[in-house]
Amino acid sequence: MSALSLSRIGHAFFGRTVLSGVSLDVGPGEVVALVGPSGCGKSTLAHIAAGLVEPREGRIACGYRRHAMVFQEPRLMPWATAADNIALALRLARWPRAARAARLAEAAALADLEPEDLPKYPVELSGGMRQRVAIARALAPAPDFIFFDEPFTALDVALKRRMQDLVVAAAAAARFGALFITHDLAEAARIAHRIAVLDAQGRGLRGVRDVPGVPGARPDVAVFAIVQDWLARDQAFAHVHDVDERRRA
Ligand SMILES: Nc1ncnc2c1ncn2[C@@H]1O[C@H](COP(=O)(O)OP(=O)(O)O)[C@@H](O)[C@H]1O
Ligand SMILES: [Mg+2]
(Lines give C-alpha, C1' and ligand atoms only; values in the text may rest on other atoms or scores of the structure.)
(Ligands and ions follow the chains in the order given, each with its own letter.)
Protein backbone atom coordinates (compact mmCIF):
# COMPACT_ATOMS: atom_id res chain seq x y z
CA MET A 1 0.00 0.00 0.00
CA SER A 2 1.15 3.53 -0.75
CA ALA A 3 2.12 5.84 2.08
CA LEU A 4 0.18 8.57 0.31
CA SER A 5 -2.13 8.26 -2.64
CA LEU A 6 -3.67 11.30 -4.32
CA SER A 7 -6.28 10.65 -7.01
CA ARG A 8 -7.48 13.32 -9.38
CA ILE A 9 -7.16 16.17 -6.90
CA GLY A 10 -8.65 19.45 -8.03
CA HIS A 11 -8.89 22.76 -6.24
CA ALA A 12 -9.82 26.38 -6.91
CA PHE A 13 -9.63 29.62 -4.93
CA PHE A 14 -12.38 32.15 -5.68
CA GLY A 15 -13.20 30.43 -8.94
CA ARG A 16 -9.60 30.28 -10.15
CA THR A 17 -8.36 26.73 -10.70
CA VAL A 18 -5.01 26.07 -9.03
CA LEU A 19 -4.96 22.28 -9.23
CA SER A 20 -6.71 19.85 -11.51
CA GLY A 21 -6.50 16.10 -12.01
CA VAL A 22 -3.42 15.65 -9.83
CA SER A 23 -2.74 11.98 -9.17
CA LEU A 24 0.40 10.96 -7.30
CA ASP A 25 1.47 8.03 -5.17
CA VAL A 26 4.32 8.06 -2.67
CA GLY A 27 5.59 4.67 -1.47
CA PRO A 28 6.60 3.88 2.10
CA GLY A 29 10.07 5.32 2.73
CA GLU A 30 10.04 7.04 -0.64
CA VAL A 31 11.00 10.71 -1.03
CA VAL A 32 9.14 12.44 -3.86
CA ALA A 33 10.14 15.99 -4.74
CA LEU A 34 7.36 18.29 -5.92
CA VAL A 35 8.56 21.16 -8.08
CA GLY A 36 6.88 23.90 -10.06
CA PRO A 37 6.97 27.67 -10.42
CA SER A 38 5.99 29.92 -7.55
CA GLY A 39 2.23 30.13 -7.15
CA CYS A 40 1.46 26.93 -9.06
CA GLY A 41 -0.23 25.24 -6.10
CA LYS A 42 2.53 23.22 -4.43
CA SER A 43 1.70 24.32 -0.89
CA THR A 44 -2.00 23.94 -1.57
CA LEU A 45 -1.43 20.36 -2.71
CA ALA A 46 0.57 19.61 0.47
CA HIS A 47 -2.17 21.14 2.63
CA ILE A 48 -4.75 19.01 0.85
CA ALA A 49 -2.61 15.87 1.16
CA ALA A 50 -2.09 16.53 4.89
CA GLY A 51 -5.80 17.00 5.44
CA LEU A 52 -5.60 20.73 6.26
CA VAL A 53 -7.59 21.83 3.21
CA GLU A 54 -10.61 20.07 1.76
CA PRO A 55 -10.12 19.71 -2.01
CA ARG A 56 -12.90 20.54 -4.45
CA GLU A 57 -12.32 17.24 -6.24
CA GLY A 58 -10.45 14.01 -5.78
CA ARG A 59 -9.53 11.48 -3.16
CA ILE A 60 -6.71 11.15 -0.65
CA ALA A 61 -5.71 7.81 0.85
CA CYS A 62 -3.12 7.75 3.61
CA GLY A 63 -1.23 4.56 4.33
CA TYR A 64 1.02 6.21 6.88
CA ARG A 65 0.43 6.16 10.64
CA ARG A 66 1.59 9.63 11.55
CA HIS A 67 2.76 12.65 9.61
CA ALA A 68 4.72 15.79 10.40
CA MET A 69 5.29 19.06 8.55
CA VAL A 70 8.36 21.25 8.08
CA PHE A 71 7.93 24.72 6.59
CA GLN A 72 10.19 27.41 5.20
CA GLU A 73 10.02 29.29 8.51
CA PRO A 74 10.89 27.15 11.54
CA ARG A 75 7.70 28.25 13.38
CA LEU A 76 9.21 27.66 16.82
CA MET A 77 7.63 29.01 19.97
CA PRO A 78 9.88 31.93 20.93
CA TRP A 79 9.25 31.60 24.66
CA ALA A 80 10.36 27.96 24.79
CA THR A 81 13.88 26.51 24.57
CA ALA A 82 14.86 24.24 21.71
CA ALA A 83 14.35 21.26 24.03
CA ASP A 84 10.91 22.46 25.08
CA ASN A 85 9.86 23.06 21.48
CA ILE A 86 10.75 19.45 20.70
CA ALA A 87 9.22 18.18 23.96
CA LEU A 88 5.90 19.81 23.16
CA ALA A 89 5.62 17.73 19.99
CA LEU A 90 6.14 14.59 22.08
CA ARG A 91 3.50 15.70 24.56
CA LEU A 92 0.99 16.44 21.81
CA ALA A 93 1.69 13.04 20.29
CA ARG A 94 1.03 11.46 23.73
CA TRP A 95 4.49 9.94 23.77
CA PRO A 96 4.89 7.95 27.03
CA ARG A 97 6.17 10.42 29.62
CA ALA A 98 8.98 8.16 30.85
CA ALA A 99 10.36 7.75 27.33
CA ARG A 100 10.25 11.42 26.31
CA ALA A 101 13.74 12.48 27.38
CA ALA A 102 15.39 9.63 25.50
CA ARG A 103 13.30 10.25 22.41
CA LEU A 104 14.08 13.98 22.52
CA ALA A 105 17.81 13.17 22.55
CA GLU A 106 17.38 10.76 19.61
CA ALA A 107 15.47 13.31 17.52
CA ALA A 108 18.02 16.02 18.34
CA ALA A 109 20.82 13.71 17.22
CA LEU A 110 19.00 12.91 13.95
CA ALA A 111 18.83 16.66 13.29
CA ASP A 112 22.53 17.07 14.20
CA LEU A 113 21.84 19.21 17.26
CA GLU A 114 24.39 19.17 20.08
CA PRO A 115 23.27 18.80 23.71
CA GLU A 116 24.49 22.36 24.40
CA ASP A 117 22.08 23.73 21.77
CA LEU A 118 19.03 22.36 23.52
CA PRO A 119 18.70 24.83 26.45
CA LYS A 120 18.87 27.79 24.03
CA TYR A 121 15.92 29.93 23.00
CA PRO A 122 15.13 30.41 19.29
CA VAL A 123 16.39 34.00 19.42
CA GLU A 124 19.83 32.69 20.47
CA LEU A 125 20.05 30.33 17.48
CA SER A 126 21.04 31.00 13.86
CA GLY A 127 18.53 30.42 11.04
CA GLY A 128 20.09 27.07 10.22
CA MET A 129 20.02 25.94 13.85
CA ARG A 130 16.38 26.96 14.19
CA GLN A 131 15.54 24.88 11.14
CA ARG A 132 17.37 21.92 12.74
CA VAL A 133 15.16 22.33 15.81
CA ALA A 134 12.08 22.38 13.56
CA ILE A 135 13.29 19.16 11.93
CA ALA A 136 14.01 17.55 15.30
CA ARG A 137 10.53 18.56 16.45
CA ALA A 138 9.04 16.97 13.32
CA LEU A 139 11.08 13.77 13.78
CA ALA A 140 10.49 13.42 17.53
CA PRO A 141 7.11 11.61 17.45
CA ALA A 142 8.60 9.17 14.88
CA PRO A 143 6.41 10.08 11.90
CA ASP A 144 6.46 7.69 8.96
CA PHE A 145 5.62 10.53 6.58
CA ILE A 146 6.83 14.14 6.43
CA PHE A 147 5.64 17.05 4.32
CA PHE A 148 8.47 19.47 3.65
CA ASP A 149 7.38 22.82 2.17
CA GLU A 150 10.50 24.57 0.84
CA PRO A 151 12.27 24.09 4.18
CA PHE A 152 15.70 25.30 3.04
CA THR A 153 14.80 28.15 0.68
CA ALA A 154 15.85 30.79 3.21
CA LEU A 155 19.25 29.21 3.95
CA ASP A 156 22.55 29.95 2.22
CA VAL A 157 23.94 27.46 -0.28
CA ALA A 158 26.49 25.65 1.91
CA LEU A 159 24.04 25.29 4.78
CA LYS A 160 21.34 24.12 2.40
CA ARG A 161 23.54 21.24 1.27
CA ARG A 162 24.22 20.15 4.83
CA MET A 163 20.51 20.20 5.58
CA GLN A 164 19.74 18.20 2.44
CA ASP A 165 22.26 15.55 3.53
CA LEU A 166 20.63 15.56 6.93
CA VAL A 167 17.18 14.87 5.45
CA VAL A 168 18.51 12.05 3.27
CA ALA A 169 20.29 10.47 6.26
CA ALA A 170 17.28 10.90 8.55
CA ALA A 171 14.90 9.46 5.93
CA ALA A 172 17.12 6.40 5.59
CA ALA A 173 17.63 6.00 9.37
CA ALA A 174 14.07 6.74 10.47
CA ARG A 175 12.46 5.29 7.31
CA PHE A 176 9.94 8.00 6.64
CA GLY A 177 8.41 8.76 3.28
CA ALA A 178 8.17 12.37 2.22
CA LEU A 179 6.66 14.85 -0.14
CA PHE A 180 9.40 17.44 -0.44
CA ILE A 181 8.37 20.71 -2.05
CA THR A 182 11.12 22.80 -3.55
CA HIS A 183 11.66 25.07 -6.50
CA ASP A 184 15.33 24.13 -6.61
CA LEU A 185 15.86 21.35 -9.15
CA ALA A 186 19.36 20.59 -7.80
CA GLU A 187 17.85 20.08 -4.36
CA ALA A 188 15.30 17.67 -5.83
CA ALA A 189 18.05 15.87 -7.73
CA ARG A 190 20.09 15.44 -4.55
CA ILE A 191 17.47 14.16 -2.16
CA ALA A 192 14.56 12.52 -4.00
CA HIS A 193 13.79 9.09 -5.43
CA ARG A 194 11.29 10.63 -7.84
CA ILE A 195 10.29 14.10 -8.93
CA ALA A 196 6.83 15.38 -9.83
CA VAL A 197 6.44 18.59 -11.84
CA LEU A 198 3.35 20.72 -11.35
CA ASP A 199 2.00 22.79 -14.19
CA ALA A 200 2.02 26.56 -13.79
CA GLN A 201 -1.52 27.06 -15.04
CA GLY A 202 -3.36 24.60 -12.83
CA ARG A 203 -3.44 21.87 -15.45
CA GLY A 204 -2.18 19.21 -13.09
CA LEU A 205 1.11 17.35 -13.15
CA ARG A 206 3.30 17.82 -16.21
CA GLY A 207 5.18 14.64 -15.42
CA VAL A 208 6.68 12.33 -12.81
CA ARG A 209 10.23 11.09 -13.30
CA ASP A 210 12.56 8.67 -11.53
CA VAL A 211 15.73 10.42 -10.42
CA PRO A 212 18.69 8.28 -11.57
CA GLY A 213 20.88 6.94 -8.76
CA VAL A 214 20.36 6.86 -5.02
CA PRO A 215 19.52 9.89 -2.82
CA GLY A 216 22.57 11.04 -0.90
CA ALA A 217 24.92 9.04 -3.14
CA ARG A 218 24.76 11.26 -6.22
CA PRO A 219 28.00 13.16 -6.76
CA ASP A 220 27.75 16.86 -7.68
CA VAL A 221 28.57 16.17 -11.33
CA ALA A 222 25.70 13.69 -11.48
CA VAL A 223 23.28 16.16 -9.86
CA PHE A 224 24.37 18.82 -12.35
CA ALA A 225 23.96 16.43 -15.30
CA ILE A 226 20.51 15.30 -14.15
CA VAL A 227 19.29 18.89 -13.88
CA GLN A 228 20.78 19.86 -17.26
CA ASP A 229 19.15 16.85 -18.85
CA TRP A 230 15.72 17.72 -17.40
CA LEU A 231 15.98 21.33 -18.56
CA ALA A 232 17.41 20.61 -22.00
CA ARG A 233 15.46 17.54 -23.02
CA ASP A 234 12.34 17.06 -20.94
CA GLN A 235 9.19 19.03 -21.83
CA ALA A 236 7.80 18.46 -18.33
CA PHE A 237 10.39 20.93 -17.05
CA ALA A 238 9.83 23.58 -19.74
CA HIS A 239 8.13 26.12 -17.46
CA VAL A 240 9.56 25.18 -14.11
CA HIS A 241 11.57 28.39 -13.82
CA ASP A 242 8.80 30.73 -14.97
CA VAL A 243 8.01 33.50 -12.55
CA ASP A 244 4.67 35.25 -12.49
CA GLU A 245 5.15 38.06 -9.98
CA ARG A 246 1.47 38.89 -9.87
CA ARG A 247 0.70 35.42 -8.63
CA ARG A 248 3.59 35.09 -6.23
CA ALA A 249 2.47 33.34 -3.09
N1 LIG B 1 -6.09 30.57 1.10
C2 LIG B 1 -6.02 31.05 -0.14
N3 LIG B 1 -6.98 31.85 -0.64
C4 LIG B 1 -6.92 32.33 -1.90
N5 LIG B 1 -5.92 32.06 -2.76
C6 LIG B 1 -4.94 31.26 -2.33
C7 LIG B 1 -4.92 30.72 -1.01
N8 LIG B 1 -3.81 29.96 -0.87
C9 LIG B 1 -3.16 30.03 -2.04
N10 LIG B 1 -3.84 30.81 -2.92
C11 LIG B 1 -3.44 31.07 -4.31
O12 LIG B 1 -3.36 29.81 -4.97
C13 LIG B 1 -2.21 29.77 -5.82
C14 LIG B 1 -1.32 28.64 -5.40
O15 LIG B 1 -0.74 28.94 -4.15
P16 LIG B 1 0.33 28.01 -3.43
O17 LIG B 1 -0.25 26.66 -3.28
O18 LIG B 1 0.76 28.72 -2.20
O19 LIG B 1 1.50 27.97 -4.52
P20 LIG B 1 3.05 27.54 -4.37
O21 LIG B 1 3.21 26.88 -3.05
O22 LIG B 1 3.30 26.63 -5.54
O23 LIG B 1 3.87 28.79 -4.51
C24 LIG B 1 -1.55 31.14 -5.72
O25 LIG B 1 -1.98 31.92 -6.80
C26 LIG B 1 -2.05 31.67 -4.41
O27 LIG B 1 -2.09 33.08 -4.43
MG1 LIG C 1 4.36 27.39 -1.42
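Two residues are in contact when their C-beta atoms, placed from the backbone, lie within 7 Å. With that in hand, here are the close-up views. This is a predicted model, in which local features need pLDDT of at least 70 and side-chain atom pairs count only at pLDDT 80 or more, while totals for chains, interfaces and linings use all residues. Residues are numbered from 1 along each chain as its sequence is written, and chains are lettered from A and ligands numbered from 1 in the order in which they are written.

**Figure 1. Where domain 1 meets domain 2.** In this view, 10 residues of domain 1 are in contact with 9 residues of domain 2. Helix α5 (residues 157-174) supplies 6 residues, the largest share of the side of domain 1 that touches domain 2; helices (H or I, at least four residues) and strands (E, at least two) are DSSP runs, numbered from the N terminus. By class, that side of domain 1 has 10 nonpolar, no polar and no charged residues. Here Ala, Val, Leu, Ile, Met, Phe, Trp, Tyr, Cys and Pro count as nonpolar, Asp, Glu, Lys and Arg as charged, and the others, Gly among them, as polar. Domain 1 covers 4-65 + 144-247 and domain 2 covers 78-142, with bounds from an automatic or database domain assignment. The centres of the two domains, taken over C-alpha atoms, are separated by 26 Å.

**Figure 2. The two sides of helix α3.** Helix α3 (residues 100-110) has Arg103, Leu104, Ala107 and Ala108 as its buried residues. They sit on the same side of α3, because they cover an arc of only 135 degrees around the axis; the arc is that of the directions from the helix axis to the C-beta atoms. Ala101 and Ala102, on the other side of α3, are exposed. A residue is buried if 20 or more other C-beta atoms lie within 10 Å of its own, exposed if 12 or fewer, and partly exposed in between. The packing partners of the buried residues of α3 are α2 (82-92) and α4 (127-139). After α3 comes Asp112, with a positive phi near 65 degrees.

**Figure 3. Inside the largest nonpolar core.** Among the 71 residues of this core, Leu34, Ile86, Ala136, Leu179 and Phe180 touch the most other members. Such a core is a set of buried Ala, Val, Leu, Ile, Met, Phe, Trp, Tyr and Cys residues joined through C-beta atoms within 7 Å. Helix α4 gives the largest share of the core, 7 residues, and at least three residues come from each of domain 1 and domain 2. Take a look at Ala136: leaving aside its neighbours within four places in sequence, Ala136 is in contact with Ile86, Ala107, Ala108, Leu110, Ala111 and Leu113.

**Figure 4. Arg94, with a positive phi.** Arg94 is not a glycine, yet its phi is positive, about 55 degrees. You will find Arg94 in the loop between α2 and α3. Arg94 is exposed, with 8 other C-beta atoms within 10 Å.

**Figure 5. Arg175, with a positive phi.** Arg175 is a residue other than glycine with a positive phi, near 50 degrees. The loop between α5 and β7 (177-181) holds Arg175. Arg175 is exposed, with 11 other C-beta atoms within 10 Å.
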